[in-house]
Amino acid sequence: MSENQKRQYVNYTFYKVDPFWRRLPEKEKERGKREFAEVIEGYSNKIMVFTYSTFGLRADSDFMIWRISYSLDDFQEMTSEIVKTGLGKYLNNTWSFLSMTRYSVYVDKHSHEGQEGRRLRVIPSQSKYIFVYPFVKTTDWYLLPVEERQRMMDEHIDLGHKYPSVKINTSYSFGLDDQEFIVAFETDKPEDFMEVVMKMREQEGRKYTLRDTPIFTCVKKDIGEILNLVA
């Protein structure tokens, strides 16, 4: 099976730095930052790794690492290397969401160029912002006739197409994690994303949403910038 046909594992991991780390001697902090950055850079040559700052935006997270791989072993091995670093000893893993790619059953009739539901591979857009949250639908949603679900999803997809500046990445967590989906919206225009969310609240399908929190606003930065912020 080619890599284009294989499903990918997707992981969004959020870290909070222990405040005690900031009180360490500067040399020790610099060594810890260097070791941590080396792990990120090393694994970036093996799997897809993207780093984002949440510093000052949420009380329970300072930064997020978005990882995409064909093997769960990569995530575990990388995490093991992270916690061995000087900085890793002072990190709390406050949130971690695991999911997998698959074809969407709702997008076959839609021909929107680049439609993410048609792909088994995640293709990040490199936008400045990403908004990440877990998503769970009600049991009643899955008991609806397929035609009813398709009708509401058509409305949902058509609305999304009106905001081409916002790119959605949907991955699936059934049996892998507590949620059912992880959705991550990439954009350079947070105001457009806010408008999309507000309009989606008015759609019929909204009443079948059981949970779509916590929501994380993440700003794309290289690991060096992030470590300087949290230090």
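**Exercise 1. Surface and overall form**

How many Å² does the accessible surface of the protein come to, and what share of the surface belongs to carbon and sulfur atoms?

Solution. The structure is a predicted model, in which local features need pLDDT of at least 70, side-chain atom pairs count only at pLDDT 80 or more, and totals for chains, interfaces and linings use all residues. Residues are numbered from 1 along each chain as its sequence is written, and side-chain values use heavy atoms, with hydrogens and water left out.

Step 1. Accessible areas are computed by the Shrake-Rupley method with a 1.4 Å probe; for residues, only the protein chains shown count as cover. The total for the protein is about 12,000 Å², and 51% of this belongs to carbon and sulfur atoms.

Step 2. Six helices and nine strands make up the secondary structure of the protein. Here helices (H or I, at least four residues) and strands (E, at least two) are DSSP runs, numbered from the N terminus.

Step 3. The protein has a radius of gyration of 19 Å, close to the 17 Å from the globule rule for 231 residues, so it is as compact as a globular protein of that length. The radius is taken over C-alpha atoms, and the rule is 2.2 Å times the number of residues to the power 0.38. The C-alpha trace spans about 60 × 40 × 30 Å along its principal axes.

**Exercise 2. Burial, contacts and charge**

State what percentage of the residues is buried, and what percentage of the contacts between residues at least 6 apart joins residues at least 24 apart.

Solution. Step 1. Buried means under 20% relative accessible area, exposed over 50%, and partly exposed in between (1.4 Å probe, protein chains only). Of the 231 residues, 49% count as buried.

Step 1. A contact means heavy atoms within 4.5 Å. Among contacts between residues at least 6 apart in sequence, 78% join residues at least 24 apart.

Step 2. For charges, Lys and Arg count as positive and Asp and Glu as negative, while His and the chain ends are not counted. Each charge is placed at NZ of Lys, CZ of Arg, CG of Asp or CD of Glu. The mean positions of the 34 positive and 36 negative charges are 2 Å apart.

**Exercise 3. Aromatic pairs**

Classify the pair Phe14 and Phe216 by its ring geometry, then do likewise for Trp141 and Tyr208.

Solution. Step 1. Rings of Phe, Tyr and Trp (its six-membered ring) pair if their centres lie within 6.5 Å; planes under 30 degrees apart count as stacked, over 60 as edge-to-face and the rest as tilted. The whole structure holds 19 aromatic pairs.

Step 1. The ring centres of Phe14 and Phe216 are 3.9 Å apart with planes at 25 degrees, so this pair is stacked. The pair links distant parts of the chain, with Phe14 in strand β1 (residues 9-17) and Phe216 in strand β9 (residues 216-220), 202 residues apart. Both Phe14 and Phe216 are buried.

Step 2. Trp141 and Tyr208 form a tilted pair, at 5.7 Å centre to centre and 55 degrees between the planes. Trp141 is in helix α3 (residues 139-143) and Tyr208 in the loop between α5 (190-200) and β8 (209-211), 67 residues apart. Trp141 is buried at a relative accessible area of 2%, and Tyr208 counts as buried at 12%.

Step 3. One aromatic cluster is formed by Phe135, Tyr142, Tyr172, Phe174 and Phe181.

**Exercise 4. Backbone details**

Which residues does a cis peptide bond join, and where is Gln126 placed?

Solution. Step 1. The cis bond joins Thr213 and Pro214, with omega about 5 degrees. Pro214 is in the loop between β8 and β9.

Step 1. Gln126 sits in the loop between β4 (91-100) and β5 (129-137). Its phi is near 70 degrees, a positive value in a residue other than glycine. Gln126 is partly exposed, at 46% relative accessible area.
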